[in-house]
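The following questions and answers examine how structural terms are assigned. Each answer sets a value against a definition.

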Amino acid sequence: AALNPWDVMLCVSGTAIACENALVVAIICYSPALRTPMFVLVGSLATADLLAGLGLILNFVFQYVIRSETVSLLTVGFLVASFAASVSSLLAITVDRYLSLYNALTYYSERTVLCIHTMLAGAWGVSLCLGLLPVLGWNCLHDPAACSVVRPLTKSNVTLLSASFFLIFLIMLHLYIEICKIVCRHAHQIALQQHFLTASHYVATKKGVSTLAIILGTFGASWLPFAIYCVVGDPDYPSVYTYATLLPATYNSMINPIIYAYRNQEIQRSMWVLFCGCFQAKVSFRSRSPSDV
C-alpha cells in the first residue's frame, strides 16, 4: 500500500517520543539518588510514554510490512494500554503533588510510599485491562457496523476510553484548583507574618499558578479534541479527521519529559554525570518536593 503521510508523521512522532523518554528512564535507572516516590512517578510516566512511542513505530511497521489482523489487534491493544498508563501516571503525579502540599508534615513517611506504589499498581493494572479488551474480543473485525473512528476498536470501547479520560481530566482539574488555593493561602500566610507580600513571594506564587495552568492546558489541548471526536465522530467520516485529532494527542507524550523531567535539577545533574561527568560527587543540589516538579 502507498505510504500515508499521516502514518509517517505518527511514526516520526513515536520515534521522538521513544528517544526522549528512553533517556529519562535511563537516567532514573542509572542514578541511585533518584529513588524517591516522586521520581518513581516520573519514571512510570516516562516508561508509559516510551512504550507508547514504540507502539506507534510498531504500528507503522506492521501496517506496511506485516499485514495481519492479529498483529493489528495486538498493536492497538499495546497502544491503548500505553497511552492509558501515561494518562493514569499523570493523574498519580497530580495526586502526589496535592498530597505533598496538603499533608506536608506527614508526606515523607512510609504511608506515602505505600500509597504511591498502590496508585501505580492500580493505574498499570487498569491500563493493562483496557489494552486487553480489544485483543480478547471487544473489536469490530467481524462486525464492521460496530466500528468506531479508530478501527478495530468498537464505538462502545472508545466511548469507555473517552469517558475515562474525561473523568481523569476533571479530577486533575479539581486537584490543580485545590493546589492553587493552597499555594495562594500559603503566600497569604507568609504575607501576614511579614506584614506585607514581598515581590519574590508574589512572583513565586504567580509562577507556580502559571506552571499549573500550562501543565493542565497542555494536557487538555492534546487529548480533549481526540476524546471528543471519538464520541461524536462517525466511522464514515474521512480518516483525516481521526489523524488530525490523534496526532496532537501523541504530542503530549513528547512534551511530558520536558515538563516533568528535564526541568528538574536532580535529573539535570544526573544527565550531566551520565554523559559528561561534569559534576563531582560532592556537589549537592537542593532536594525538591513534588510540588516543585
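Helices (H or I, at least four residues) and strands (E, at least two) are DSSP runs, numbered from the N terminus. The model is predicted: local features need pLDDT of at least 70, side-chain atom pairs count only at pLDDT 80 or more, and totals for chains, interfaces and linings use all residues. Residues are numbered from 1 along each chain as its sequence is written, and side-chain values use heavy atoms, with hydrogens and water left out.

Q: Where is Asn-252 placed, and why is Asn-252 called buried?
A: Asn-252 belongs to helix H7 (residues 239-262). Buried means under 20% relative accessible area, exposed means over 50%, and partly exposed lies in between (1.4 Å probe, protein chains only). Asn-252 has a relative accessible area of 2%, and is therefore buried.

Q: Which residues does Asn-252 touch, not counting residues up to four places away in sequence?
A: Contact means heavy atoms within 4.5 Å. On that basis Asn-252 touches Leu-90, Thr-218, Phe-219, Ser-222 and Trp-223.

Q: What makes Gly-131 count as buried or exposed, and which residues does Gly-131 touch?
A: Gly-131, in helix H4 (residues 110-135), has 4% relative accessibility and so counts as buried. Leaving aside residues up to four places away in sequence, Gly-131 touches Gly-77, Val-80 and Ala-81. Gly-131 and Phe-83 are 48 residues apart in sequence, and their C-alpha atoms are 9.4 Å apart in space.

Q: How do you know that Cys-140 and Cys-147 form a disulfide?
A: A disulfide is a pair of cysteine sulfur atoms within 2.5 Å. The sulfur atoms of Cys-140 and Cys-147 are 2.0 Å apart, and the pair forms a disulfide. A search of the whole structure finds one disulfide. The link of Cys-140 and Cys-147 is right-handed, with 95° about the S-S bond.

Q: What makes Glu-178 and Lys-181 a salt bridge?
A: A salt bridge is a side-chain nitrogen of Lys or Arg within 4 Å of a carboxyl oxygen of Asp or Glu. The closest N and O atoms of Glu-178 and Lys-181 are 3.7 Å apart, and the two residues form a salt bridge. Side chains of opposite charge can pair when their charged atoms come close. Both residues lie in helix H5 (residues 155-194), three residues apart, about one turn of the helix.

Q: Why is Glu-178 called partly exposed?
A: Glu-178 has a relative accessible area of 22%, and is therefore partly exposed. Lys-181, at 46%, is partly exposed as well.

Q: Why are H1 and H8 called roughly perpendicular?
A: Axes are lines fitted to C-alpha atoms, for helices over the stretch in contact, and angles run from 0 to 180 degrees between N-to-C directions. Angles under 35 degrees count as roughly parallel, over 145 as roughly antiparallel, 65 to 115 as roughly perpendicular and the rest as oblique. Helix H1 (residues 5-30) and helix H8 (residues 265-275) pack at about 85°, with their axes 10 Å apart. H1 and H8 are therefore roughly perpendicular to each other.
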